[in-house]
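Subject: Structure handover

Hello,

Please find the structure below. My notes on it come after.

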Amino acid sequence: MKKIIVVIYSLAAILALAACQPGAAQTQPAASSSGLKVMAAESFIADIAQNVAGDRLTVDTLMPLGIDPHGYEPAPQDVAR
């Protein structure tokens with residue numbers, strides 16, 4: 001039963017990642033010319049987003065590396081970002 005669930009989740013992940021691939025007609029400008037920015041809450045999410053986006057987006061992290069997310073209190077500057 002566990003093997004079936006693992007296979008189903010693996011197929012769902014593969015399909016989701018395949019849908020993220022840009023087609024030939026879907027060309028987007030580079031991040032430097034478009035200025036698109038993404039804010040991720042944690043560093044591992046920012047890493048995933050940067051790997052998916054490549055050079056099309058600029059990804060920044062809200063929480064610094066090594067901080068406990070359960071005890072994190074955003075400062076007013078973080079809310080403004």
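The notes below go from the whole chain to single residues.

This is a predicted model, in which local features need pLDDT of at least 70 and side-chain atom pairs count only at pLDDT 80 or more, while totals for chains, interfaces and linings use all residues. Residues are numbered from 1 along each chain as its sequence is written, and side-chain values use heavy atoms, with hydrogens and water left out.

Overall layout

The chain has 4 helices and 2 strands. Helices (H or I, at least four residues) and strands (E, at least two) are DSSP runs, numbered from the N terminus. From that end on, the order of the elements is α-α-β-α-β-α.

Of the 81 residues, 10% count as buried. Buried means under 20% relative accessible area, exposed means over 50%, and partly exposed lies in between (1.4 Å probe, protein chains only). The accessible surface of the chain is about 6,600 Å², and 65% of it belongs to carbon and sulfur atoms. These areas come from the Shrake-Rupley method with a 1.4 Å probe; for residues, only the protein chains shown count as cover. Among contacts with a separation of 6 or more, 22% are between residues 24 or more positions apart. Contact means heavy atoms within 4.5 Å.

The strands

Strand 1 (37-40) and strand 2 (residues 58-61) run parallel and are joined by 4 bridges. Two strands pair if DSSP finds at least two bridges between them. Met 39 stands opposite Asp 60 in strand 2. Between the two strands the chain passes through helix 3, and this β-α-β crossover is right-handed. That word applies if, with the strands pointing away from the viewer, the path from the first strand over the helix to the second runs clockwise.

Ala 40 lies in strand 1 and counts as buried because its relative accessibility is 4%. Leaving aside neighbours within four places in sequence, Ala 40 is in contact with Ile 45, Ala 46, Asp 60, Thr 61 and Leu 62. Its C-alpha atom is separated by 9.9 Å from that of Gln 50, 10 residues apart along the chain.

Gly 35 is in the loop between helix 2 (31-34) and strand 1. With a relative accessible area of 45%, Gly 35 is partly exposed. Gly 35 and Leu 57 are 22 residues apart in sequence, but 7.5 Å apart in space, C-alpha to C-alpha.

Glu 42 is in the loop between strand 1 and helix 3 (43-53). This residue is partly exposed, at 22% relative accessible area. Not counting residues up to four places away in sequence, Glu 42 touches Thr 61, Met 63 and Pro 69.

Which residues make a nonpolar surface patch of about 610 Å²? They are Met 1, Ile 4, Ile 5, Ile 8 and Tyr 9. Like charges are joined within 9 Å, and nonpolar side chains (Val, Leu, Ile, Met, Phe, Trp, Tyr) within 5 Å. Met 1 belongs to the segment before helix 1 (2-19) and counts as exposed, at 76% relative accessibility.

Asp 78 is in helix 4 (residues 76-80). Asp 78 counts as buried because its relative accessibility is 17%. Beyond its neighbours within four places in sequence, Asp 78 is in contact with Leu 62 and Tyr 72.

Regards

Terms used. Patches are made of residues with over 30% relative accessible area and no salt bridge: like charges are joined within 9 Å, nonpolar side chains (Val, Leu, Ile, Met, Phe, Trp, Tyr) within 5 Å. A salt bridge is a side-chain nitrogen of Lys or Arg within 4 Å of a carboxyl oxygen of Asp or Glu.
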